[in-house]
Amino acid sequence: MNRNSDGRHPADGTSAERGAARAERSLTGAPSGPGGTVPGLLGGLPRQRSVPTTTGSGPAPSPAVSGRAVEAARLPVAVRCVLRLLPTPLGTPFTFGYALVLAVTSYVASHADPAIVRSLHQASSTDVAHLVRYPVAVLFASALWIVGGFLSPYAAGFLLVLTALERRIGGARAAGVFLLGHVVATLATEVPVGLAVWAGHLPGSSLHRFDYGISFGVAASVGALAGLLSPWLRWPLLTIIGSVLAEDLILLDDPMTNWGHLLALALGVATWPLVRRAARARAVASAAVRT
């Protein structure tokens, strides 16, 4: 058996030295690696603090994620607020994808031959004649167009309202609110027209009137979003939007459509218990992920 010149085994070392090393590790709380070394520490430098590789029970954030967070934090507050008002592919995929579709159809409506555009609008109209024959297809097609194009107030309302709503309750629920207003308000305004024609109170041409666009869905989304805002924002928003819609109804420019806007707004308000519950659940899930 090989021994050192002083007669001790090479692996034994001094008991006092080994005890001192163990005492220091127990005081500092540093984990020991193979051979009594602490991973990640430099040899010969005492009292080093080890860097944890995990936070809590989960893995440490990747450098790419941390880098994006740092870059976002460096942006001015005003820029960050503006960016949150607009849809993004990852943050609000439903609003972002829908906005791209509306941008394409608005471009077609602005640059295609007027006769072709009129035929497309007529085929997409949710009038009584189309609803009776193929209701699902025409309800879907009518929501692909914006009255006035992508630069209209309806487009601006769509971007701002749907983005804010989706950030709070998620894409699927935001789409559900939009569809609720679009479908229910459309049927509520077209069914009475069909009944009036059947009873002889309106001419048969009323069965083929133009009725397309996203305004019913936007109105319902406004009503739902109001329930997630603080009271000093909620009630002025509802007062302003409700006053504008009521004024349009008083002018009797298009009474059935104007009634549909007010109904869609009321439908959005009726979803407050559901959207508030969804917003709370989403906030709790986000907080759990961050911690």
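These are my notebook entries on a predicted model.

**Ground rules**

I number residues from 1 along each chain as its sequence is written.

**Overview**

I looked up the secondary structure and found 13 helices and two strands. Helices (H or I, at least four residues) and strands (E, at least two) are DSSP runs, numbered from the N terminus. I then checked burial, where buried means under 20% relative accessible area, exposed over 50%, and partly exposed in between (1.4 Å probe, protein chains only). The protein has 291 residues, and 33% of them count as buried. For contacts I took heavy atoms within 4.5 Å. Among contacts between residues at least 6 apart in sequence, 67% join residues at least 24 apart.

**Salt bridges at arginine 209**

I searched for salt bridges, meaning a side-chain nitrogen of Lys or Arg within 4 Å of a carboxyl oxygen of Asp or Glu. The count comes to two. In one of them, arginine 209 meets glutamate 190, with N to O at 3.0 Å. Arginine 209 sits in the loop between helix 9 (171–198) and helix 10, and glutamate 190 sits in helix 9, so the pair ties together parts 19 residues apart in sequence. Both arginine 209 and glutamate 190 are buried.

Arginine 209 also forms a salt bridge with aspartate 211, and here the closest N and O atoms are 4.0 Å apart. Aspartate 211 counts as buried because its relative accessible area is 8%. For arginine 209 I noted 19% relative accessibility, so this residue counts as buried too. Shared partners join Glu190, Arg209 and Asp211 into one network.

**Residues in contact with this region**

I looked up threonine 257, which lies in helix 12 (residues 255–270). Threonine 257 is buried, at 15% relative accessibility. Leaving out residues up to four places away in sequence, threonine 257 touches Arg209 and Phe216.

Next came serine 142, in helix 7 (residues 135–142). Its relative accessibility is 0%, so serine 142 counts as buried. Beyond neighbours within four places in sequence, serine 142 contacts Ser124, Thr126, His182, Asp211, Tyr212 and Gly213.

I also checked histidine 121 in helix 5 (residues 114–124). Histidine 121 is buried, with a relative accessible area of 11%. Not counting residues up to four places away in sequence, histidine 121 touches Trp145, Phe210 and Tyr212. Histidine 121 and tryptophan 145 are 24 residues apart in sequence, and their C-alpha atoms are 8.1 Å apart in space.

**Helix 10 against helix 11**

Last, I looked at how helix 10 (residues 215–226) packs on helix 11 (residues 231–251): the axes come within 9 Å and cross at roughly 155 degrees. That makes the two helices roughly antiparallel. My cut-offs call angles under 35 degrees roughly parallel, over 145 roughly antiparallel, 65 to 115 roughly perpendicular and the rest oblique. Helix 10 supplies Val222, Gly223 and Ala226 to the contact, and helix 11 supplies Arg234, Leu237, Leu238 and Ile241. I sorted these contact residues into five nonpolar, one polar and one charged.

Methods. This is a predicted model: local features need pLDDT of at least 70, side-chain atom pairs count only at pLDDT 80 or more; totals for chains, interfaces and linings use all residues. Side-chain values use heavy atoms; hydrogens and water are left out. Axes are lines fitted to C-alpha atoms, for helices over the stretch in contact, and angles run from 0 to 180 degrees between N-to-C directions. Ala, Val, Leu, Ile, Met, Phe, Trp, Tyr, Cys and Pro count as nonpolar, Asp, Glu, Lys and Arg as charged, and the others, Gly among them, as polar.
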